[in-house]
Amino acid sequence: MLADLKIAQLRHFIWVAELKGFHAAAERAHRTQPAISLSIRDLENKLGEALFEKHHSKTNKTELTPFGHYFLPKAKELISHHDRVAEDMELLAKHRTGHLRLASVPSIASRVLPALLQDFVSQAPDLHISCFDDNSDAVIRMIENQQVDFGLTNLLKPDLYTNLTFTPIWQDEVGVVCPVGHPLAEEVSVDWKVLKEYRLIGNGTSRLLEGTDAAGLLDKSPLYVSNMISLLAMLDAGFGITTLPRYAFPENSPNFRFVPLHSPQVIRRIGVVQQTNRSLSPPAEAFYKYILQQCCSDLEEDA
């Protein structure tokens, strides 16, 4: 049956045809001449037609039959397609090609991912990457809906997500963010109780305060702003102060100050979140391992 054609037999046929002999083809294939002859005979039986003339010319060159002439370009096409698919799969397995889909909270997407991806894609220039930047709830939804390979976010209550696996990678502390002219701006650190005197603007990371001694601050927050640009505009206008994890604070900002908070100290842990029972694609697996290799020391150093 044609469906039973073997790639090795097609290669043997092409080599015999191109090299004009079974002996030369056997040397090319690193096989014995009887083995090549048997391979060709089996191929001819499957095709139902002879590929080579039975007689030998004075030059002792092997000649194709009319059917062999017709089949030769077809065999080359089959081999070419096989080799392309094999090469693509090899590249995919080595994460040099394919599609990597990520979702990340904005702080990691802007502060950490650029350098990581720059180094990673230098080894895989044909790899296509889609990166989605959103809040932690949206990132988790994308993971659960299989829209991305994995996400980079915090999982406040990992035990509630039995379908997800959380691997902590980074950690940062929560601090107060205020304009440079604010009374708190020059403090080295601030006690949570001091914040009761000021108007607090809530944001998507404010729930990190839940379950801590500072949770009461959330009840006194008259305004909630989800967008970082709008949040900074409110701070700049003097509407109040806010709390942010350090990674979420605009680095080297000339207009705002980040002041670490203590009593209690609140630490945010961010890492790779993926579906528990779903294997990662080769590019995603490679990038996941690359993140672990490059960044796991950050958590140990900051602990």
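Which residues does Ser 39 touch, not counting residues up to four places away in sequence? In this predicted model, the residues touched by Ser 39 are Gln 9 and His 12. Ser 39 is found in helix H3, which covers residues 33-47. With a relative accessible area of 10%, Ser 39 falls under the 20% limit and is therefore buried.

Two packed helices are described by the angle between their axes and the distance between the axes. For H1 and H3, the axes come within 9 Å and cross at roughly 110°. This angle lies in the range from 65 to 115 degrees, so the two helices are described as roughly perpendicular to each other. On the H1 side, the contact is made by Gln 9, Leu 10, His 12, Phe 13 and Val 16, and on the H3 side by Ile 36, Ser 39, Ile 40, Asp 42, Leu 43 and Lys 46. By class, the residues of this contact divide into six nonpolar, three polar and two charged.

Helix H1 (residues 7-19) also packs on helix H2 (residues 22-29), with axes that come within 8 Å and cross at roughly 130°. H1 and H2 are therefore oblique to each other, and their crossing is right-handed. In this contact, His 12, Trp 15, Val 16 and Leu 19 of H1 meet Phe 22, Ala 24, Ala 25, Arg 28 and Ala 29 of H2. Seven nonpolar residues, one polar and one charged make up the contact of H1 with H2.

The largest nonpolar core has 27 residues, and those with the most contacts inside it are Ile 108, Leu 116, Phe 150, Leu 152, Trp 170, Phe 287 and Ile 291. Two or more residues each are given to this core by strands E1 (97-104), E3 (150-153), E4 (164-179) and E10 (267-275), and by helices H5 (106-111), H6 (113-121) and H10 (282-302). H10 gives the most, with seven residues. Another core, of 21 residues, lies apart from the largest one and includes Phe 22, Leu 47, Phe 52 and Ile 79.

Leaving aside residues up to four places away in sequence, Leu 152 touches Ala 103, Ser 104, Val 105, Ile 108, Leu 113, Val 139, Trp 170, Ile 270, Gly 271, Val 272 and Ile 291. One of these, Val 139, is found in helix H7 (residues 136-144). Val 139 is buried, with a relative accessible area of 0%. Beyond its neighbours within four places in sequence, Val 139 is in contact with Ala 103, Ser 104, Val 105, Asp 134, Gly 151, Leu 152 and Thr 153.

Several backbone features occur in loops. Most residues other than glycine have a negative phi, and most peptide bonds are trans. His 30, which is not a glycine, has a positive phi of about 55°. His 30 is found in the loop between H2 and H3 and is exposed, with a relative accessible area of 72%. Gln 146 likewise has a positive phi, near 60°. Gln 146 is found in the loop between H7 and E3 and is partly exposed, at a relative accessible area of 46%. The peptide bond from Ser 263 to Pro 264 is cis, with omega near 5°. Pro 264 is placed in the loop between strand E9 (256-262) and E10.

Notes. Residues numbered from 1 in each chain as written. Predicted model: local features only at pLDDT ≥ 70, side-chain atom pairs only at ≥ 80, totals over all residues. Heavy atoms only, no water. Helix = DSSP H or I, 4+ residues; strand = E, 2+ residues; numbered from the N terminus. Buried < 20%, exposed > 50% of the residue type's maximum accessible area, 1.4 Å probe, protein only. Contact = heavy atoms within 4.5 Å. Core = buried A, V, L, I, M, F, W, Y, C linked by side-chain atoms within 4.5 Å. Axes fitted to C-alpha atoms, helices over the stretch in contact; angles between N-to-C directions. Parallel < 35°, antiparallel > 145°, perpendicular 65-115°, else oblique. Left-handed = near helix turned anticlockwise from the far one by under 90°. Nonpolar A, V, L, I, M, F, W, Y, C, P; charged D, E, K, R; others polar.
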